[in-house]
Amino acid sequence: ISCTNSGCKETKTETVKALGHDMGAATVTKAPTCTEKGEQTTACRRTGCTYKETKDIAPTGHKWDNGTVTTAPTCTAKGVKTFKCTNSGCTATKTENVAATGHKWDNGTVTTASTCTKDGVKTFKCTNSGCAETKTEAVAKLGHSFGKTEVIQSPTCTEPGVRGAYCEHKGCTE
C-alpha cells in the first residue's frame, strides 16, 4: 500500500490470505478393474494454478454369475460348478465343489431265501441313472416252527416210544 500524500514515498505491505485451491470435478485417469485399483485426478480451477491431486479408486471386485455345473456329481464323487465374472472385459472364473448325490436304493429283492437255520440275503440296487451299484443285507433266519407233537415211534414192551414234532416250514426236514 502506497502513501497517498503528496511527495510521500512510504509504502506499507500487508499479508493477504491465500485464496486456497478451487478443486474441480474428479476425472478418472485410470479405470479400476476387478482386481486392480484405478486412479482419479482433481485439478485446481484457478487461473495459473497447476496443482493436482491424485487418489486411488478401489478395485471393483468380481461379480459372479449363478454358475454352471461343468462336471456332474455322481453317487460317490463330487462334481464341479464353474462361475464366470460378468464385469465387462473380465475373463476370470472360479469353481466350487458340488456334493456327491449319494445312492438312492430301491426297495430290494430277496435274492437268497431264509431257511429255518440260515439267514437269507436281500439285494438293493441304486436307482440313479448310470449307477450299477448294489448292496445287500441279511434277512433273519426263520427259526423252526414245530407243529403238534405226535408219536414218531410207538413204544414196545421193551423199548420206549418217541414223541416229537416236525418243523412246518416248507423244505425243512427237521
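## Basis of the description

Two strands are treated as paired if DSSP finds at least two bridges between them. Helices (H or I, at least four residues) and strands (E, at least two) are DSSP runs, numbered from the N terminus. The model is predicted: local features need pLDDT of at least 70, side-chain atom pairs count only at pLDDT 80 or more, and totals for chains, interfaces and linings use all residues. Residues are numbered from 1 along each chain as its sequence is written, and side-chain values use heavy atoms, with hydrogens and water left out.

## Sheet β1-β2-β3

Three strands in the order β1-β2-β3 form an open sheet with antiparallel pairing. Its edges are β1 (27-30) and β3 (52-57), each of which pairs on one side only. Neighbouring strands are turned by 35° against each other on average, direction ignored; the axes are lines fitted to C-alpha atoms, for helices over the stretch in contact, and angles run from 0 to 180 degrees between N-to-C directions.

Strand β2 (residues 38-43) pairs with β3 in the antiparallel sense over six bridges. Within β3, K55 is the bridge partner of Q40.

## Sheet β4-β5-β6

Another open sheet of three strands has the order β4-β5-β6, again with antiparallel pairing. Here β4 (68-71) and β6 (93-98) are the edge strands, each pairing on one side only. The twist from one strand to the next averages 35°.

Six bridges connect strand β5 (residues 79-84) to β6, and the two run antiparallel. V80 stands opposite N97 in β6.

## N87 in the β5-β6 loop

N87 belongs to the loop between β5 and β6. With a relative accessible area of 15%, N87 is buried (under 20% relative accessible area; exposed is over 50%, partly exposed in between, with a 1.4 Å probe and protein chains only).

Leaving aside neighbours within four places in sequence, N87 is in contact (heavy atoms within 4.5 Å) with C34, T60, G61, H62 and K63. The side chain of N87 reaches the backbone oxygen of G61 at 2.9 Å.

## S114 in the β7-β8 loop

S114 lies in the loop between β7 (109-112) and β8 (120-125). S114 counts as buried because its relative accessibility is 15%. Residues up to four places away in sequence not counted, S114 touches D119, G120, V139, A140, K141 and L142.

A polar atom of the S114 side chain lies 3.2 Å from the backbone nitrogen of G120, and the side chain of S114 also reaches the backbone oxygen of V139 at 3.1 Å. The C-alpha atoms of S114 and A138, which are 24 residues apart along the chain, are separated by 8.9 Å.

Key: A polar contact is a pair of N or O atoms within 3.5 Å; within protein, one must be able to donate a hydrogen and the other to accept it, and residues adjacent in sequence count only if both atoms are side-chain atoms.
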